[in-house]
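Please read this note with the model open beside you, and look up each residue as it comes up. The points are meant to be taken in order.

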Amino acid sequence: ETDLINEEYSVKTNRTINIKDNNNSNSNNNNIDNKKLNNRDVVITSLIAGAIAGAMAKTTIAPLDRTKINFQINKDTSYSFRAAILFIRNTYTKEGFFALWRGNSATMARIVPYSAIQFTAHEQWKKILHVDLNEDTKIRRFMAGSLAGITSQSLTYPLDLARARMAVTDKYSGYKTLREVFVKIIQCEGVRTLYRGYWATILGVIPYAGTSFFTYDTLKKEYHKITGEKTPNTFIALLFGAVAGVIGQSSSYPLDIVRRRMQTTGVTANCADKYLTITTTLIKIYREEGIIKGFYKGLSMNWIKGPIAVGISFASYDNIKHFLREIAHIRTSDNNR
């Protein structure tokens with residue numbers, strides 16, 4: 001009887017050790033960057049992964065993004081899903097298939113550095129704020145996301161304004177190239193115009209980036225607790241990113257309307273009204289269009305494109321980053337031999 005008890009105890013102990021070893025192995029494989037890579041390699045791999053992930057996500061949803069912006073800045077056009085489809089069809093008929101991606105060159109010029117900086121800044125802010133070193137770090141997790149958004153927006157904002165202007169004009173009467181946007185703005189409106197809508201953007205990115213990163217990281221942590229897997233598979237990561245996208249976009253959407261009106265004021269007949277400050281823009285939209293039709297115009301389009309973009313962005317970033325860090329780790333190991 002004593003032998004049986006000892007044997008059962010030994011089996012249970014061995015199982016426990018094996019489970020712990022497996023979990024430790026998974027954790028080590030997925031935390032190569034923290035234990036075996038220097039900070040330079042961590043930053044470089046984050047920048048490359050972020051740039052690729054952002055480019056993939058934005059190119060995928062570019063036609064929907066252009067459609068959304070056109071409805072956001074035009075107070076005289078009511079938004080509906082049918083109207084959005086009609087806009088896409090008319091653009092395709094009049095200007096051709098690739099016109100649906102008009103302004104995407106400006107988007108790429110912005111999103112590649114923006115996404116690279118945002119993801120890299122997020123990792124660095126998490127280190128600075130000591131995120132996830134203990135259980136009670138929810139506020140710091142939100143702060144890391146918000147600060148990453150502020151960092152990336154501040155460094156790339158003029159490109160965002162240029163993208164918005166290209167999206168609301170056609171190739172015949174508007175800006176033909178990204179360079180032309182900057183030249184015309186500086187010549188006709190002054191350098192300060194390149195930062196019109198900046199503070200509305202920052203006020204919007206705080207809840208957007210904070211909520212998006214917080215939601216995605218929290219879902220991954222809960223997934224790890226339930227399954228023991230540190231990194232979810234691609235489908236699960238896409239799903240988590242989509243949920244983060246919906247929550248993040250919804251939390252900041254009214255300020256997205258405000259910044260688009262400010263960025264495109266005076267560009268076309270549809271946006272000839274003067275939206276020069278956050279306060280005047282808020283009052284003008286509220287008085288003329290109301291809360292739902294004004295501040296939440298095109299939100300349903302965002303619920304389609306937002307989850308797709310954020311899902312692709314977060315899932316791609318995690319997979320590309322892990323792949324690049326494995327290569328960097330192999331290279332480092334070979335150099336140390």
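This is a predicted model: local features need pLDDT of at least 70, side-chain atom pairs count only at pLDDT 80 or more; totals for chains, interfaces and linings use all residues.

1. Residues are numbered from 1 along each chain as its sequence is written, and side-chain values use heavy atoms, with hydrogens and water left out.

2. Helix α6 covers residues 104-128, where a helix is a DSSP run of H or I with at least four residues, numbered from the N terminus. Its 25 residues should span 36 Å at 1.5 Å a residue, and the end C-alpha atoms are 34 Å apart, which agrees; the expected span is 1.5 Å times one less than the number of residues.

3. Within α6 there is a kink of about 30° at Ile 111, shortly before the proline Pro 113; the bend is the angle between axes fitted to the seven residues ending at a residue and the seven starting there. Just after α6, His 130 has a positive phi of about 55°.

4. Ile 44, Ile 48, Ile 52 and Met 56 make a nonpolar surface patch of about 320 Å². Patch residues have over 30% relative accessible area and no salt bridge, and nonpolar side chains (Val, Leu, Ile, Met, Phe, Trp, Tyr) are joined within 5 Å, like charges within 9 Å; the areas come from the Shrake-Rupley method with a 1.4 Å probe, and for residues only the protein chains shown count as cover. Ile 44 lies in helix α3 (residues 39-60) and is partly exposed at a relative accessible area of 40%, the classes being buried under 20%, exposed over 50% and partly exposed in between (1.4 Å probe, protein chains only).

5. A salt bridge is a side-chain nitrogen of Lys or Arg within 4 Å of a carboxyl oxygen of Asp or Glu, and by this rule there are 21. Which side chain meets Lys 58 in a salt bridge? Asp 65 does, at 3.5 Å from N to O; Lys 58 counts as buried at 15% relative accessibility, and Asp 65 is likewise buried at 3%.

6. Asp 65 also bridges to Lys 68 at 3.8 Å, and both lie in helix α4 (residues 62-73), three residues apart, about one turn of the helix. An α-helix has 3.6 residues a turn, so residues three or four places apart point the same way.

7. Lys 305 forms a salt bridge with Asp 65 at 3.0 Å. Lys 305 lies in helix α13 (residues 299-336) and Asp 65 in α4, so the pair ties together parts that are 240 residues apart in sequence. Lys 305 is buried, with a relative accessible area of 3%, and the network of linked salt bridges includes Lys 58, Asp 65, Lys 68 and Lys 305.

Key
Helices (H or I, at least four residues) and strands (E, at least two) are DSSP runs, numbered from the N terminus.
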